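Have both open as you read.

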Amino acid sequence: MSNLEKNIKPYSKAIVKLLKSPVERNSPIWDDVVNYQLEIQNYISQIGLELIVKKDEGFAFVKQFEDSEGSTLGLIVRRQIGFETSIILVVLRQSLEEFDSNPTQFQVAEKFITDSEIKEELELFLQEGYNRLRFLKDLDKYIKNVVDLGYLKEVNKKNNETQYQIHRIIKEKITLDILQEFKTKLQEYVESI
C-alpha cells in the first residue's frame with residue numbers, strides 16, 4: 001500500500017478542489033463537501049482556513065481566518081482588481097440583489113445576463129464626468145477579468161452576444177455594506193472630477 005493510499009481520506013479530493021476554487025452543486029464532489037463538512041473544516045482550520053457551505057445557493061468555498069488586525073497566514077493570495085473591474089462587480093452584485101428581491105422571478109434560481117445588458121447597466125450606473133467612452137471600449141477586457149475571477153460563467157454565445165450566469169459567490173465577496181460603500185466612493189470620485 002502506497003503512502004497516498006494510506007493517507008487519503010474520503011474527502012481529500014474535495015479539499016484539493018476547494019483549495020483551488022469554489023465547488024458548485026453540480027460538481028461530482030459536492031456530496032463529499034456537504035457530507036464531510038465537519039471533517040473538512042477540522043482539517044483546513046489547521047492552516048488558517050474556514051469552510052463556507054451555502055447549500056441553498058449551491059456552492060462552497062474556503063476563506064482565510066483573519067486576526068484582529070485583518071492579517072492572515074497568506075495561504076490564499078489576495079488579488080488586486082482594477083477600478084473598472086470593481087465597477088462591473090458592483091453592477092453585477094446590484095443586479096443579483098434586484099433579481100433576488102423580485103417576487104415574480106422566484107421560479108428561476110439563477111441570474112443570467114448578457115454583455116449588452118451589462119453595458120446597459122453600466123450606462124445607468126456611471127455618472128456624468130466619468131470617462132465612459134474609454135471604459136466601454138475596454139469593456140470586453142473587464143468582463144473577461146470578472147470571468148477569470150469566477151464571478152461570471154459564460155453559458156451561451158451567439159453572434160456577437162454572450163450570455164453569462166452570475167455566480168452567487170459574489171454575494172459573499174461583495175456584501176450589501178461593501179456595495180453601498182463602493183457606490184458612495186464612486187459618487188465622491190465622480191464629483192471630484
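Buried means under 20% relative accessible area, exposed means over 50%, and partly exposed is in between (1.4 Å probe, protein chains only). With that in hand, Phe59 counts as buried because its relative accessibility is 1%.

A word on the source. This is a predicted model, in which local features need pLDDT of at least 70, side-chain atom pairs count only at pLDDT 80 or more, and totals for chains, interfaces and linings use all residues. Residues are numbered from 1 along each chain as its sequence is written, and side-chain values use heavy atoms, with hydrogens and water left out.

**Aromatic pairs**

A pair of aromatic rings is described by the distance of the centres and the angle of the planes. Rings of Phe, Tyr and Trp (its six-membered ring) pair if their centres lie within 6.5 Å; planes under 30 degrees apart count as stacked, over 60 as edge-to-face and the rest as tilted. How many aromatic pairs does the structure hold? There are two, and they look like this:

| Pair | Centre to centre | Angle between planes | Class |
|---|---|---|---|
| Tyr11 and Tyr36 | 5.5 Å | 45 degrees | tilted |
| Phe59 and Phe61 | 6.0 Å | 25 degrees | stacked |

Tyr11 sits in the loop between α1 (3-7) and α2, while Tyr36 sits in the loop between α3 (30-35) and α4, so their pair ties together parts that are 25 residues apart in sequence. Helices (H or I, at least four residues) are DSSP runs, numbered from the N terminus. Tyr11 is buried at 11% relative accessibility, whereas Tyr36 is partly exposed at 25%. In the other pair, Phe61 is buried at 5%.

Helix α2 (residues 12-20) packs against helix α4 (residues 37-45) at an angle of about 55 degrees, and their axes are 10 Å apart. The axes are lines fitted to C-alpha atoms, for helices over the stretch in contact, and angles run from 0 to 180 degrees between N-to-C directions. That angle makes α2 oblique to α4; angles under 35 degrees count as roughly parallel, over 145 as roughly antiparallel, 65 to 115 as roughly perpendicular and the rest as oblique.

Which residues meet here? Ala14, Ile15 and Leu18 in α2 meet Ile40, Tyr43 and Ile44 in α4, where contact means heavy atoms within 4.5 Å.

**A glutamine in α4**

Helix α4 also holds Gln41, which is buried with a relative accessible area of 17%. Leaving aside residues up to four places away in sequence, Gln41 touches Leu49, Glu50, Leu51 and Phe65.

How values were computed: Helices (H or I, at least four residues) and strands (E, at least two) are DSSP runs, numbered from the N terminus.
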